[in-house]
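Okay, thanks for coming, everyone.

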Amino acid sequence: MVNWAAEDDLIRACHLLAETGLVTATDGNLSKRTDQGLMITPTGRAKALLQGKDLCYLDANGEILEGPGPSREWAFHRAIYMAKPEVLAICHAHPDFVTALASQDLARHERFLFDAELRFPQLGYIEKITPGSADLARAVAKASLSANALLLASHGAITWGQSAMEAVQEMAALERWARTVFILQRTGI
């Protein structure tokens with residue numbers, strides 16, 4: 001069942017997420033689509049310390065096939081995979097600037113950077129919904145259909161891509177843009 005290349009991509013992405021400060025301690029989660037369902041980071045584990053043996057494999061219904069308990073956000077990962085068949089990996093994190101500005105509906109802000117205009121022409125925004133809930137999974141699935149990334153009020157963001165490394169790079173780009181918006185707000189521009 002183990003896909004070593006997929007595991008390696010996910011673990012390297014977890015380490016990059018932590019090294020770049022996009023997550024702290026045990027927050028955030030990453031997943032990859034598998035033939036059986038999805039592979040996801042476990043609950044309550046620091047991304048900087050994860051190894052392949054720590055990952056959880058779920059079937060298409062969310063039942064554990066192998067590994068420890070999954071992140072409590074597994075349902076919204078599954079919902080995105082069901083809504084967007086082209087997505088192969090998902091990153092959810094709480095970077096400082098994205099999280100701070102998400103409650104202001106950062107999606108409505110002008111994309112001051114050319115990179116942000118290209119990467120995120122359609123940002124989805126989800127009002128504050130309880131983390132790990134079925135309501136959040138439904139809202140994420142619906143919003144993902146017309147978005148390139150999602151902002152969650154008081155809860156960070158969700159990005160995706162063809163690999164876990166790409167999903168993390170999208171999160172880093174989203175955080176850079178949020179930081180730019182914050183700086184511009186502070187300077188009154």
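Let's begin with Ser-154. At 43% relative accessibility, Ser-154 counts as partly exposed, where buried means under 20% relative accessible area, exposed means over 50%, and partly exposed is in between, with a 1.4 Å probe and protein chains only. Ser-154 is found in the loop between S7 and strand S8 (156–161); helices here are DSSP runs of H or I with at least four residues, strands are E runs with at least two, and both are numbered from the N terminus. Ser-154 also has a positive phi of about 60°, although it is not a glycine. Most residues other than glycine have a negative phi.

Before going on, some housekeeping. This is a predicted model, where local features need pLDDT of at least 70 and side-chain atom pairs count only at pLDDT 80 or more, while totals for chains, interfaces and linings use all residues. Residues are numbered from 1 along each chain as its sequence is written, and side-chain values use heavy atoms, leaving out hydrogens and water.

Ala-25 also has a positive phi, of about 55°, and it is not a glycine either. You'll find Ala-25 in the loop between H1 and strand S1 (29–33), and it is exposed, with a relative accessible area of 54%.

Now the sheet. How many strands form it, and in what order? There are 8 strands in an open sheet, ordered S4-S3-S2-S1-S5-S8-S7-S6, with mixed pairing; two strands pair if DSSP finds at least two bridges between them. Strand S4 (64–66) and strand S6 (123–126) stand at the edges with a single partner strand each, so one side of each has no neighbour in the sheet. From one strand to the next, the twist averages 25°. S7 and S8 run antiparallel and are joined by 3 bridges; Leu-152 has Gly-156 in S8 as its bridge partner.

Helices pack on this sheet. Helix H2 (residues 74–83) touches S1, strand S2 (37–40), strand S3 (56–59), S5 and S8, contact being heavy atoms within 4.5 Å. The direction of H2 makes about 35° with that of S1; axes are lines fitted to C-alpha atoms, for helices over the stretch in contact, and angles run from 0 to 180 degrees between N-to-C directions. Helix H5 (residues 134–144) lies across S6, S7 and S8, at about 140° to S7.

What about H1? The buried residues of H1 include Ala-6, Leu-10, Cys-14 and Leu-17, and what covers its buried residues includes S1, S2, S3, S5 and H6. Just after H1, Gly-21 takes a positive phi of about 75°.

On to the inside. The largest nonpolar core has 35 residues, and Leu-17, Leu-30, Cys-91, Leu-123, Leu-151, Val-168 and Leu-174 touch the most other members. A nonpolar core is a set of buried Ala, Val, Leu, Ile, Met, Phe, Trp, Tyr and Cys residues joined through side-chain atoms within 4.5 Å. H6 gives the most to this core, with 10 residues. Apart from it lies another core, of 22 residues, among them Ile-40, Tyr-81, Ala-141 and Ala-143.

Last, the cysteines. How many disulfides are there? The count comes to 0, a disulfide being a pair of cysteine sulfur atoms within 2.5 Å. For Cys-56, the nearest cysteine sulfur, that of Cys-14, is 13 Å away, and Cys-56 is buried at 0% relative accessible area. The sulfur of Cys-91 is 8.5 Å from the closest cysteine sulfur, in Cys-14, so that is too far for a bond. Cys-91 is also buried, at 0%.
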